[in-house]
Amino acid sequence: MRFDAKSEKWMPMRIRGIDGYFTDVRIDRGSIPDGFHLWELADGESDGIPCRYRPFIVVNFFGTFISMENLPVDDEECQAGYIDSENDWCFIGDRYLTLTYIMDKRCRRMREKHVSSMYQGDGGR
């Protein structure tokens, strides 16, 4: 069963230097907003520690990760990325967020960036 991304809670997470958001359920790809990449995570030992990411995980599903950036792929043939359990991932937040909140935050950042770039050419006047 896959769930709508908008109905789930997302925890900020970093994988291999890429910031994104994690939920522990399978997400319907059609519910992900444009501009986001979706990866499914697996834990190798069923120990609750992610060890790889792929576009689709069948066995040992750990959760779903979305980000604005694409994750690096180690194995081109399988389009799999491997995660060093100790160094390549961490949760970077202390609370779950809704996708609506994440999208609002993204829009605010884009507006701020746009306004800032408008004023850079004339010294901020």
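**Figure 1. Overview of the chain in the predicted model.** The secondary structure of the chain comprises 1 helix and 8 strands, and, read from the N terminus, the elements follow one another as β-β-β-β-β-β-β-β-α. The structure shown is a predicted model, and its C-alpha atoms fill a box of roughly 60 × 30 × 30 Å when taken along the principal axes. Of the 125 residues in the chain, 34% are buried. When contacts between residues at least 6 apart in sequence are considered, 65% of them join residues that are at least 24 apart.

**Figure 2. Close-up of the salt bridges around Glu40.** The structure holds 5 salt bridges, and among them is the one in which the side chains of Glu40 and Arg2 meet at 2.6 Å, N to O. Glu40 is buried, with a relative accessible area of 0%, while Arg2, at 36% relative accessibility, counts as partly exposed. Glu40 also forms a salt bridge with Arg26, in which the closest N and O atoms are 3.3 Å apart. Because Glu40 lies in strand β3 and Arg26 in the loop between β2 and β3, this pair ties together parts that are 14 residues apart in sequence. Through salt bridges that share partners, Arg2, Arg26 and Glu40 are joined into one network.

Figure 3. Asp43 lies in strand β3, which spans residues 37-43. Asp43 is buried yet has no salt bridge, and the nearest side chain of opposite charge, that of Arg52, is 7.4 Å away; a salt bridge would require the nitrogen and the carboxyl oxygen to be within 4 Å. The side chain of Asp43 does, however, reach the backbone nitrogen of Gly48 at 2.9 Å. Once neighbours within four places in sequence are left aside, the residues in contact with Asp43 are Gly48, Ile49, Pro50, Cys51, Asn60, Phe61 and Phe62.

Figure 4. Pro33 lies in the loop between β2 and β3, whereas Glu45 lies in the loop between β3 and β4 (50-54). With a relative accessible area of 18%, Pro33 counts as buried because the cut-off for that class is under 20%. Apart from its neighbours within four places in sequence, Pro33 is in contact with Leu99 and Met103. The C-alpha atoms of Pro33 and Lys6 are separated by 9.3 Å, although these residues are 27 residues apart along the chain. Glu45, by contrast, is exposed, with a relative accessible area of 66%, and its C-alpha atom is 20 Å from that of Phe91, a residue 46 residues apart from Glu45 in sequence.

**Figure 5. Close-up of the salt bridge between Lys6 and Asp4.** The side chains of Lys6 and Asp4 meet in a salt bridge at 4.0 Å, N to O. Lys6 counts as exposed at 52% relative accessibility, while Asp4 is partly exposed, with a relative accessible area of 36%.

**Figure 6. Close-up of the largest pocket.** The largest pocket has a volume of about 350 Å³. Its lining is made up of 15 residues, of which Asp19, Tyr21, Met68, Lys105 and Arg109 lie nearest the centre of the pocket. Both β2 (18-23) and α1 (99-120) supply at least two residues of this lining, and the largest share, 5 residues, comes from α1.

Methods
Residues numbered from 1 in each chain as written. Predicted model: local features only at pLDDT ≥ 70, side-chain atom pairs only at ≥ 80, totals over all residues. Heavy atoms only, no water. Helix = DSSP H or I, 4+ residues; strand = E, 2+ residues; numbered from the N terminus. Buried < 20%, exposed > 50% of the residue type's maximum accessible area, 1.4 Å probe, protein only. Lys, Arg positive; Asp, Glu negative; His and termini not counted. Polar contact = N/O pair within 3.5 Å; in protein donor to acceptor, adjacent residues only side chain to side chain. Contact = heavy atoms within 4.5 Å. 1 Å grid on protein atoms, 1.4 Å probe; cavity = no way out; pocket = protein on both sides within 12 Å on 5 of 7 lines; lining within 4 Å. Points joined across faces, edges and corners; volume = space filled by probe spheres on them.
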